[in-house]
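Could you walk me through this structure in the viewer, one selection at a time? I would like to know what to pick next and what is there.

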Amino acid sequence: MDRPPSVLLKPAGGSGRSAPSQRLRRSLQLGFFLLFISAPLLDLLRFDLHETQLWLFGQPWHLGLDAVQHGRASGADAALNLLLKALLPIALVVGSFLFVAWRYGRLYCGWLCPHFSIVELLNELLHRAIGKLSLWDRLPVKRAGRSPDSRWWPVFGLACVLMGFIWAITLASYLLPPRELWSGLWNGTLTPNQARFIGIGTLVFSAEFAFARHLFCRFGCAVGLFQSLMWMANPKGMVVAFKREQARDCKSCDIAPGLAGSACDTACPMRLNPRNIKRMMFSCVQCGQCLDACESSQGRREKAPLLEWQVGIEAVRETLRQKKLEALQQSQAHPLTTPRENDGSATNDSRPDREAA
């Protein structure tokens with residue numbers, strides 16, 4: 001279904017209120033964002049370059065190697081400490097993270113990632129300014145009761161710079177004592193290297209937030225990329241399944257009462273087509289906004305939603321259906337080459353396949 005050149009998007013539910021799942025997602029995003037900012041300040045997680053010391057949950061994290069150097073412990077004790085305090089915890093954290101990605105896709109990106117929560121915030125501010133979710137969008141996405149207002153431009157620009165600064169100084173806080181950084185910033189006593197790092201970091205992150213935030217999420221973020229690769233490798237991974245047998249109902253989808261359009265397409269913050277095949281959904285962040293929009297649109301006509309999450313064997317069936325549909329579309333788009341007999345020799349006769357009903 002082609003997207004109309006201009007659409008009106010109304011929040012899921014039709015009443016201007018977010019769906020319960022989206023309210024939960026926003027709460028998790030906010031909580032994780034605050035944790036991301038406060039972790040180095042509270043010594044929950046940071047590495048002090050001055051002392052070459054890792055801090056974890058408010059305590060310095062030691063492997064017990066000093067005791068070996070001073071003869072107070074054996075090499076076996078050091079190996080055991082290295083296994084229990086370093087290798088095993090890292091393996092558990094990384095393994096658990098990759099398993100969740102393998103099973104459920106980029107769940108971290110859509111439900112926790114502090115960068116993606118800022119992406120959605122900036123999308124909203126930019127939309128208020130120019131009616132688009134990105135500076136590079138060709139077509140506007142209109143929303144009910146809202147028209148572009150240029151007075152939002154300074155708010156969007158200030159938000160990009162503010163978030164760029166927060167990102168720069170927070171990342172620096174994971175490597176240097178936060179109190180030293182904030183005190184130096186307040187009193188103007190930052191070292192040249194500290195000032196250079198924060199200044200360049202603010203500039204780079206501000207530019208990324210303003211011009212390339214979606215591009216970074218799709219292809220520039222290693223965390224998101226590895227999640228996508230793990231998810232694509234698992235045919236049983238959670239997917240957004242489309243009830244193709246009820247596609248006729250999708251043609252009459254609306255994004256607000258009396259306003260025709262594709263509700264799921266316009267709801268996706270990554271600007272994907274949720275009804276597409278899995279390999280075309282590589283950067284899906286599993287936020288569920290497309291499902292809520294579909295439920296809202298179909299619910300206004302007292303019909304069941306056409307999009308749903310499927311995992312396990314049902315996800316495999318959905319993938320097989322998608323592959324079958326893709327093969328059918330390719331066979332319709334390209335002529336088939338079949339052999340035929342002619343005077344005892346084989347030649348090729350190209351003829352177009354018959355269109356599917």
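Which residue lies over the face of Trp152? Select Arg128: this residue lies over that face, at 5.0 Å from the ring centre. Bear in mind as you go that the model is predicted.

For another charge over a ring, pick Lys278 and Trp231. Lys278 lies over the face of Trp231, 4.8 Å from the ring centre.

Next, turn to the aromatic pairs, of which the count is ten. Show Phe36 and Trp167: their ring centres are 5.2 Å apart and their planes meet at 45 degrees, so this pair is tilted, neither under 30 degrees as in stacking nor over 60 as in edge-to-face. Colour the helices and you will see that the pair links distant parts of the chain, with Phe36 in helix H1 (residues 20-38) and Trp167 in helix H6 (residues 153-173), 131 residues apart.

Finish with two backbone stops. Most residues other than glycine have a negative phi. Phe57, however, has a positive phi, near 55 degrees. Look for Phe57 in the loop between strand E3 (53-56) and strand E4 (59-61), where this residue is exposed, at 66% relative accessible area. Then jump to Glu302, whose phi is also positive and near 55 degrees. Glu302 sits in the loop between helix H13 (289-299) and strand E9 (307-310), and is exposed with a relative accessible area of 76%.

Definitions and conventions
Residues are numbered from 1 along each chain as its sequence is written. This is a predicted model: local features need pLDDT of at least 70, side-chain atom pairs count only at pLDDT 80 or more; totals for chains, interfaces and linings use all residues. Side-chain values use heavy atoms; hydrogens and water are left out. Rings of Phe, Tyr and Trp (its six-membered ring) pair if their centres lie within 6.5 Å; planes under 30 degrees apart count as stacked, over 60 as edge-to-face and the rest as tilted. Helices (H or I, at least four residues) and strands (E, at least two) are DSSP runs, numbered from the N terminus. A charge sits over a ring if NZ of Lys or CZ of Arg is within 6 Å of the ring centre and within 35 degrees of the ring normal. Buried means under 20% relative accessible area, exposed over 50%, partly exposed in between (1.4 Å probe, protein chains only).
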